[in-house]
2 protein chains.
Amino acid sequence: MTEELEKLPLGDIETLTGSLAQRVYAVLREAILHMRCPPGTVLRKGQICEQLGVSRSPVAEAIAKLSAEGLVDVVPQSATRVSRFSMSVIREATFLREALELAAVERVAQTITEEQLVALTRNLKLQRLLVEDGDHAGFFEADEDFHNMIMAFTGYQGVTRTLAGVSLQLSRARILLLPSSDRAQESLREHEEVLEALRRRDAETARSAMRFHLGQLISRIEPLEHVHSDFFVAQ
Amino acid sequence: MTEELEKLPLGDIETLTGSLAQRVYAVLREAILHMRCPPGTVLRKGQICEQLGVSRSPVAEAIAKLSAEGLVDVVPQSATRVSRFSMSVIREATFLREALELAAVERVAQTITEEQLVALTRNLKLQRLLVEDGDHAGFFEADEDFHNMIMAFTGYQGVTRTLAGVSLQLSRARILLLPSSDRAQESLREHEEVLEALRRRDAETARSAMRFHLGQLISRIEPLEHVHSDFFVAQ
DNA sequence: CTAAACATACTAACATGTTAGTTGACACAT
DNA sequence: ATGTGTCAACTAACATGTTAGTATGTTTAG
């Protein structure tokens with residue numbers, strides 16, 4: 001038996017700024033969200049320290065933060081694991097995300113400026129190009145940008161951040177959907193309907209268009225529980 | 001000059017459970033939320049360690065958590081202060097709270113059971129008694145219970161927790177309103193209207209009744225910026 | 001052969017020593 | 001009197017030593 005010392009697939013800490021603890025947090029979070037550390041992976045403090053070349057203090061702080069966000073499960077005195085998906089947590093996140101995005105789009109419909117409409121229009125043009133090129137990953141990003149822009153247009157700086165925190169698990173699960181992204185076309189169409197309603201300052205229609213659009217995600221995530229059953233908690 | 005060694009008004013750590021870090025966090029958080037450590041108070045790690053009889057590690061972890069929640073501001077290498085109120089943060093929290101509570105009440109209107117209606121009715125009876133007794137603090141609690149019960153009735157366990165995190169600053173500011181709580185009467189009336197709509201399973205009316213009710217708070221908080229200007233950040 | 005008890009190795013949690021950045025006071029030049 | 005530079009004291013951030021709880025593998029009793 002060769003003692004296989006598996007290295008964790010972590011990014012480089014040198015390229016980041018901020019305190020050591022923040023950088024360690026960013027590296028771990030990125031690896032978890034992009035599924036390079038799949039659910040169930042055991043994270044050992046000692047190993048992380050060695051690999052990143054830092055001491056245990058900043059690592060402990062980073063893990064505490066990840067634990068608060070629900071990205072890792074800490075078993076006291078024993079082990080730390082990347083948390084598995086839980087359908088109930090995902091359904092909850094869906095509810096929260098819908099609540100926030102609907103409130104945002106309703107408000108933005110009443111306050112949106114010409115410049116903001118131009119920016120959204122430009123983003124949708126980009127989305128169209130990416131769909132035509134079949135660039136799934138690119139579309140994924142532009143899609144997130146579209147939603148984030150609307151959140152930002154509420155004028156509340158922290159709302160985007162709150163949404164990000166709330167729907168962390170959702171974003172993580174979304175990555176699993178990337179390979180089968182034939183939905184981009186429809187998604188684009190739904191985005192256009194939201195924008196169309198915003199152009200007309202029609203809050204009610206914007207709301208229902210967004211509600212329909214967001215409703216598509218959960219029905220695409222639910223089958224994953226069986227496809228990737230090892231990523232989900234036992235029920 | 002007598003060297004005044006001001007003790008922080010912290011609760012006792014012995015009475016709590018969980019890891020040391022969790023207990024330290026709970027003690028600090030409680031002192032901040034109840035304004036025993038008013039905004040601007042300087043928290044020194046060394047002092048906290050000495051007073052609670054713990055080492056710096058758990059204190060550091062606790063402060064990191066409070067910092068993430070925005071209850072304290074850490075100035076790197078220098079000092080940690082209890083954060084001051086910021087009207088823009090409060091307005092943001094108001095927006096988020098409204099988004100979540102409206103979504104919740106809308107959903108609950110469609111799913112509420114008889115037992116849940118009974119529980120809410122009982123809570124409102126209690127509220128009425130407390131108003132008649134002029135027990136402001138008691139009403140404050142029953143009021144929070146009412147809202148939390150509705151959140152809990154969504155069936156999403158984490159939603160109540162998320163709301164609590166989101167409207168932390170709001171709760172803190174609400175404490176300042178306690179002395180002048182002649183609004184309890186009206187507040188009770190508004191609660192009754194929400195419950196009435198829930199009884200009829202009328203989601204739309206429940207939503208607008210809740211929206212009206214929540215809208216009252218921000219207009220009562222805004223004047224505080226001038227009354228307690230030392231608790232707010234300079235604008 | 002099975003199950004329980006014990007020993008061992010390993011981990012997170014906690015305590016404490018060390019480093020480096022910030023602040024504020026005071027001296028000094030303008 | 002005022003603005004600037006230096007320095008000392010203090011703080012959070014980081015590193016490392018220590019403790020205690022958990023899991024696992026082995027041994028031993030039934």
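How many salt bridges are counted between domain 1 of chain A and domain 2 of chain A? In this predicted model, the count between the two domains is zero.

Chain A is divided into domain 1, covering residues 20–82, and domain 2, covering residues 87–231. The C-alpha centres of these two domains of chain A are 28 Å apart. On the side of domain 1 of chain A, 11 residues are in contact with six residues of domain 2 of chain A. The area buried between domain 1 and domain 2 of chain A is about 830 Å², and carbon and sulfur atoms account for 70% of it. Of the area that domain 1 of chain A buries against domain 2 of chain A, 55% is supplied by L33(A), M35(A) and P39(A), more than by any other three residues. Among the elements on the side of domain 1 of chain A that touches domain 2 of chain A, α1(A) gives the most, with three residues. By class, this side of domain 1 of chain A has seven nonpolar, two polar and two charged residues.

DNA strand C is surrounded by 19 residues, and the closest are R44(A) together with L20(B), S55(B), R56(B) and S57(B). Sugar or phosphate accounts for 67% of the atoms of DNA strand C within 4 Å of the protein, and bases for the rest. An N or O atom in the side chain of S57(B) is 2.7 Å from a base nitrogen of DNA strand C. A base nitrogen of DNA strand C also lies 3.5 Å from a backbone N or O atom of Q77(B). On the phosphate side, a polar backbone atom of L43(A) is 3.4 Å from a phosphate oxygen of DNA strand C. Two or more residues of the surface near DNA strand C come from each of β3 (79–82) of chain A and α1 (20–33) and α3 (56–69) of chain B. The largest share of that surface, three residues, is given by α3(B). The surface near DNA strand C comprises eight nonpolar, eight polar and three charged residues.

Around DNA strand D there are 18 residues, the closest being L20(A), S55(A), R56(A) and S57(A) together with R44(B). Of the atoms of DNA strand D within 4 Å of the protein, 68% are in sugar or phosphate, and the rest are in bases. A phosphate oxygen of DNA strand D is 2.6 Å from a polar side-chain atom of S55(A). The side chain of S57(A) places an N or O atom 2.6 Å from a base nitrogen of DNA strand D. From chain B, a polar backbone atom of L43(B) is 3.4 Å from a phosphate oxygen of DNA strand D. At least two residues of the surface near DNA strand D are supplied by each of α1 (20–33) and α3 (56–69) of chain A and β3 (79–82) of chain B. With three residues, α3(A) gives the most to this surface near DNA strand D. The surface near DNA strand D has seven nonpolar, eight polar and three charged residues.

Key. Residues numbered from 1 in each chain as written. Chains lettered and ligands numbered in written order. Predicted model: local features only at pLDDT ≥ 70, side-chain atom pairs only at ≥ 80, totals over all residues. Heavy atoms only, no water. Near = heavy atom within 4 Å. Polar contact = N/O pair within 3.5 Å; in protein donor to acceptor, adjacent residues only side chain to side chain. Helix = DSSP H or I, 4+ residues; strand = E, 2+ residues; numbered from the N terminus. Nonpolar A, V, L, I, M, F, W, Y, C, P; charged D, E, K, R; others polar. Domains from an automatic or database assignment. Contact = heavy atoms within 4.5 Å. Buried area = accessible area lost by both parts, 1.4 Å probe. Salt bridge = Lys/Arg side-chain N within 4 Å of Asp/Glu carboxyl O.
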